[in-house]
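Hi,

Here is the structure I promised to pass on to you. Have a look at it first, and then read on for what turned up when I went through it.

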Amino acid sequence: MAGPQGKKGSSTAEPKFRSGFVGIVGRPNVGKSTLMNKMIGQKIAIMSDKPQTTRNKIHGVLTRDNSQIVFLDTPGIHKPNSKLGDYMIKAAEGALSEVEAVLFLIDVSEGFGGGDRFIIERLKSVKTPVFLILNKIDKIDDEKLMQTIIQYKDMYDFAEIIPISALQGNNIDTLLNQLDRYLPEGPQYYPADQVTDHPEQFVCAEMIREKILQKTREEIPHSIAVTIEDMKVQENGVVYIGAVIYVERDSQKGIIIGKQGALLKEVGKEARRDIESLLGSKTFLELWVKVKKDWRNHERVLKDLGYRNE
């Protein structure tokens, strides 16, 4: 009797499962979406070289042997200049109150700025552990990296400081292993093969928006929204998706459509490729462009387009 009891209580017992939520915050365009996609191992958040491209809290799910982490990729924290901007800031700051840990991501290839100070001041009210994640270390030398670490350590008592390259994958495993240590024992919230809790329609709309961001001029990016109006599997097994691209002005509609519809065709072709990879099915994508004047400053329109502060 004593033998089995002793074995059960020994250190060789199965480790207990841990789970929790982790927020990713930082200035616009520091690589938050790139980092989450790399950690998840699949593209679920759009990436662009234009700032403030993430508008909603994107929930990414990573299931490991003994843990499950639900990541909240938040909009870049910045000074808002529209009701949409207000929504984005509330979404980012709201994430700080509902997580087990916070990843504060900075771009070490850029100097310390007012935006960093703005975020650090808000982090001072956070009671959960905050990791300082120094991204893009492939762009600087070791001396500058050390100087940056010292500079930030003087401003906040970080639980962990981890240099990474989200694009190249440097130190991502180290980051994940450290995060596991801060997770409480808990249930597996999602099936092991689920990588996001957003509906497929949301991710598809974001993939379309990403392609527009990549192909349009500065006046367009924050003036567009994409909604999926129809999504169904046809009898031949092809997934039909009908999407509407909203802009604020007639001139923007012309830019997105392009000469003889050329730009819209490119957007559709590239978005369809990503969507087919996501869904694992052949897809027929149909796009329309419509004008909703000044939609970013109308709360009712924002709610209709899915921007809601819970």
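Predicted model: local features only at pLDDT ≥ 70, side-chain atom pairs only at ≥ 80, totals over all residues.

**The H7 and H9 packing**

Helix H7 covers residues 200-215, and its axis lies 9 Å from that of H9, at an angle of about 140 degrees. Anything over 145 degrees would count as roughly antiparallel, so at about 140 degrees H7 is oblique to H9.

**The chain overall**

The chain has 10 helices and nine strands. Of its 310 residues, 49% are buried. Among contacts with a separation of 6 or more, 72% are between residues 24 or more positions apart.

**Around H2 and H6**

How do the axes of H2 and H6 cross? On the H2 side the contact is made by Leu35, Lys38 and Met39, and on the H6 side by Ile172, Leu175 and Leu176.

Met39 also turns up in another pairing: its C-alpha is 8.6 Å from that of Gly169, although 130 residues separate the two in sequence. Gly169 belongs to the loop between E6 and H6 and is partly exposed, at 25% relative accessibility.

**Two positive phi values**

The loop between strand E6 (160-163) and H6 also holds Asn171. This residue has a positive phi of about 70 degrees although it is not a glycine, and its relative accessibility of 35% makes it partly exposed.

Gln260 is another non-glycine residue with a positive phi, near 55 degrees. You will find Gln260 in the loop between helix H8 (250-257) and helix H9 (262-279). Is Gln260 buried or exposed? Its relative accessible area is 76%, so Gln260 counts as exposed.

**Aromatic rings**

To be counted as a pair, two rings need their centres within 6.5 Å. By this rule there are seven aromatic pairs. One of them joins Phe131 and Tyr182, edge-to-face, with 5.1 Å from centre to centre and 75 degrees between the planes. Phe131 is in strand E5 (residues 130-135) and Tyr182 in helix H6 (residues 172-182), so this pair ties together parts that are 51 residues apart in sequence. Within the pair, Phe131 is buried, with a relative accessible area of 0%, whereas Tyr182 is partly exposed, with 25%.

Elsewhere, one aromatic cluster is formed by Phe104, Phe112, Tyr152, Tyr156 and Phe158. There is also a charge over a ring to look at: the charged end of Arg122 sits over the ring of Phe118, 3.6 Å from the ring centre.

Happy browsing, and do write back with any questions.

Best wishes

Note on methods
Residues numbered from 1 in each chain as written. Heavy atoms only, no water. Phe/Tyr/Trp six-rings, centres within 6.5 Å; stacked < 30°, edge-to-face > 60°. Helix = DSSP H or I, 4+ residues; strand = E, 2+ residues; numbered from the N terminus. Buried < 20%, exposed > 50% of the residue type's maximum accessible area, 1.4 Å probe, protein only. Lys NZ or Arg CZ within 6 Å of the ring centre and 35° of its normal. Axes fitted to C-alpha atoms, helices over the stretch in contact; angles between N-to-C directions. Parallel < 35°, antiparallel > 145°, perpendicular 65-115°, else oblique. Contact = heavy atoms within 4.5 Å.
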